[in-house]
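Please keep the sequence and the three-dimensional view at hand while reading.

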Amino acid sequence: MRYYSKEGYIDFDRLLAADRNDFIFMVGARGIGKTFGILKYMIDHDLKFIYMRRTQTQVDMIRSDELNPFNALTSVLGEDYIFVPKTVNKNITAVYRGIYDEEKQIYVAAGPVVSYILALSTVANIRGFDASDVDYLIYDEFIGEKHEKPIRSEGTAFLNAIETIARNRELQGRPALRVVCLSNS
């Protein structure tokens, strides 16, 4: 089965339809469209999700207007894909669709939350939050680089994060949280 779109990015429409597992781990070369493809899929299918990175330092960097990973969608797909990050608290950022405010001359957040951005390293400190409206957990760059400090008990922290986000949705008759982990090889 072909898992690339005609534009050359990972075709998550095909991949996620073909693979109904609750956990998908994708490791591949840099620049093949893993992050771009999954973000586009989430937006195009109106799925609310958590975009998670390993460390708070990584999250602090990407939660700015200038460096957020949603910008790639805007640069390739245009103004229908403009997103604005807003800080919820020191550890969590919410991402909204952006609309242009003529008075302020900037794009501002509008409508419901599209995504939350948070770090695995801090999710253990913020357990107990409600993410029952989230359909997917996208864990980007889940394999740390050799030069990065490991997170103590990282596997356990990952499983705790999933449990915190998923809660009891299956006991309530709802579909399981789907987890997509992406990393460079």
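What pLDDT does the protein average? The model is a predicted one, and its average pLDDT is 89, with 97% of the residues scoring at least 70. Among the elements, helix α1 (residues 12-18) has the lowest mean value, 84, while strand β6 (residues 136-140) has the highest, 97. Where pLDDT is low, predicted coordinates should not be read in detail.

The secondary structure consists of six helices and seven strands. Followed from the N terminus, the elements come in the order α-β-α-β-α-α-β-β-β-α-β-α-β.

The seven strands form an open sheet with mixed pairing, in the order β1-β7-β6-β2-β5-β4-β3. At its edges stand β1 (23-28) and β3 (83-87); each has a single partner strand, so one side of each is left without a neighbour in the sheet. From one strand to the next, the twist averages 30°. Strands β6 and β7 (residues 178-184) run parallel and are joined by five bridges. In one part of this structure, I138 has V180 of β7 as its bridge partner.

Helices accompany the sheet. Helix α6 (residues 154-166) packs on the sheet and touches β1, β2, β6 and β7, with its direction at about 155° to that of β6. Helix α2 (residues 34-44) lies across β1, β2, β3, β4, β5, β6 and β7, and runs at about 155° to β7.

Finally, consider the protein as a whole. A compact globule of 185 residues would have a radius of gyration near 16 Å, and the protein agrees with this because its own value is 16 Å. Buried residues account for 48% of the 185 residues.

Terms used. Residues are numbered from 1 along each chain as its sequence is written. This is a predicted model: local features need pLDDT of at least 70, side-chain atom pairs count only at pLDDT 80 or more; totals for chains, interfaces and linings use all residues. Side-chain values use heavy atoms; hydrogens and water are left out. pLDDT is the predictor's confidence in each residue, from 0 to 100. Helices (H or I, at least four residues) and strands (E, at least two) are DSSP runs, numbered from the N terminus. Two strands pair if DSSP finds at least two bridges between them. Axes are lines fitted to C-alpha atoms, for helices over the stretch in contact, and angles run from 0 to 180 degrees between N-to-C directions. Contact means heavy atoms within 4.5 Å. The radius of gyration is taken over C-alpha atoms; the globule rule is 2.2 Å times the number of residues to the power 0.38. Buried means under 20% relative accessible area, exposed over 50%, partly exposed in between (1.4 Å probe, protein chains only).
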